[in-house]
Amino acid sequence: MSTTGATADPLAALGALPGVSESVESVRKAVDRVYGHRIMRRRSNAITSEAALRGARGSAALSGADWALEEVRRRTDFSGDDEARVVGAALRLSAEAGQLLSIWRQSPLRVLARLHLVAAASDGDETGRPRRAGEAVDEPLLELPLPGADEVSGRLDGLARLVVEGSSAPALVTAAVVHGELLALRPFVSHNALVARAAERIVLIGSGLDPKSVCPAEVGHADQGRAAYLAALDGYVSGTPEGMAAWIAHCGRAVELGARESTAVCEALQRGAA
């Protein structure tokens, strides 16, 4: 996404694209339904915990580790193989996201560095910093052209400015742009998709749209399928108004599906079945 030009608030301009306001309104209604459920008044912490687990499972599935929810819930060791490590990284990010809200608006690049450190769980030199020229990226499920290190640096700085300066755009638009830009740039040598989805979650929580983190967009992204996810991402990368609107709508649908998931959890708790 270009952050230059005549528009003082480029995120607000995206919010005015055809169809985006409808997505924003649909998301708001879905979120309000969860927050209005009677169980949320008594057991919101339980819903938040379950949403975090289900969101981590969904994010891991999109990164190639499509485990059953009960397997994620049951396991305690995530060091055995590549899939286990992906699930472990997703769980760590889900737990970490809520701890970084106060830092995000002041220093989003610091938060992204922390998210990569948490996901990678490594003390290597390449961990927690943007990749340098010539460094390879291990992100096999994303086959988009890879921007060079200089472009990554410039666009990360632009993204950080947008976050710090704030915007009148709806939270959904900001979250979708943060998510899409990180996927397009793949600024780290690994775990970029997991980090991008964790950053989207931080925006949705910190904006006040989903302050209790009970509408896991990761669930919705996974439910829509990897093919739809990548097709929508192609729209974002194209930079066209239609492509950007389609990506924002895709992210909006993901939040709606996450909200539906937590509504089902509320209903199960109300019946005494969970």
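**A walk through the helices**

Let's start inside: the buried residues of helix α11 are A217, E218, V219, G220, H221 and A222. Buried here means under 20% relative accessible area, exposed means over 50%, and partly exposed is in between (1.4 Å probe, protein chains only). Helices are DSSP runs of H or I with at least four residues, numbered from the N terminus. Keep in mind that this is a predicted model, where local features need pLDDT of at least 70, side-chain atom pairs count only at pLDDT 80 or more, and totals for chains, interfaces and linings use all residues. Residues are numbered from 1 along each chain as its sequence is written, and side-chain values use heavy atoms, with hydrogens and water left out.

Back to α11, which covers residues 217-224: six of its eight residues are buried, so the helix is largely enclosed by the rest of the structure. What do those buried residues pack against? Their partners are α3 (38-62), α9, α10 (192-206), α12 (226-238) and α13. Just after α11 comes G225, which takes a positive phi of about 95 degrees.

Two of those partners also meet each other. The axes of α9 (residues 171-185) and α13 (residues 241-271) come within 9 Å and cross at roughly 110 degrees. These axes are lines fitted to C-alpha atoms, for helices over the stretch in contact, and angles run from 0 to 180 degrees between N-to-C directions. Angles of 65 to 115 degrees count as roughly perpendicular, so that is the label for α9 and α13. On the α9 side, L172, V173, A176, H179, G180 and L183 take part, meeting W247, I248, C251 and G252 of α13. Contact means heavy atoms within 4.5 Å. Sorted by class, this meeting place of α9 and α13 has seven nonpolar, three polar and no charged residues. For these classes, Ala, Val, Leu, Ile, Met, Phe, Trp, Tyr, Cys and Pro are nonpolar, Asp, Glu, Lys and Arg are charged, and the others, Gly among them, are polar.

W247 turns up again in the largest nonpolar core, which has 83 residues: W104, L112, L115 and W247 touch the most other members. Such a core is a set of buried Ala, Val, Leu, Ile, Met, Phe, Trp, Tyr and Cys residues joined through side-chain atoms within 4.5 Å. Take L115 in your viewer: leaving out residues up to four places away in sequence, L115 touches L93, L100, V195, A198, A199 and I202.

Now find V72 in helix α4 (residues 69-74). V72 has a relative accessible area of 3%, so it is buried. Not counting residues up to four places away in sequence, V72 touches L53, R57, W67, F78, V87 and L91. V72 and R57 are 15 residues apart along the chain, yet 6.9 Å separates their C-alpha atoms.

S94, in helix α5 (residues 82-97), counts as buried too, at 13% relative accessibility. Its side chain reaches the backbone oxygen of A52 at 3.0 Å. Beyond four places in sequence, S94 touches A52, A56 and R201.

Finally, look at two loops. A121 sits in the one between α7 (108-120) and α8 (149-165), and has a positive phi of about 50 degrees although it is not a glycine. Is A121 buried or exposed? With a relative accessible area of 56%, A121 is exposed. H191, in the loop between α9 and α10, is another residue other than glycine with a positive phi, near 60 degrees. H191 is partly exposed, with a relative accessible area of 22%.

Note on methods. Parallel < 35°, antiparallel > 145°, perpendicular 65-115°, else oblique. Polar contact = N/O pair within 3.5 Å; in protein donor to acceptor, adjacent residues only side chain to side chain.
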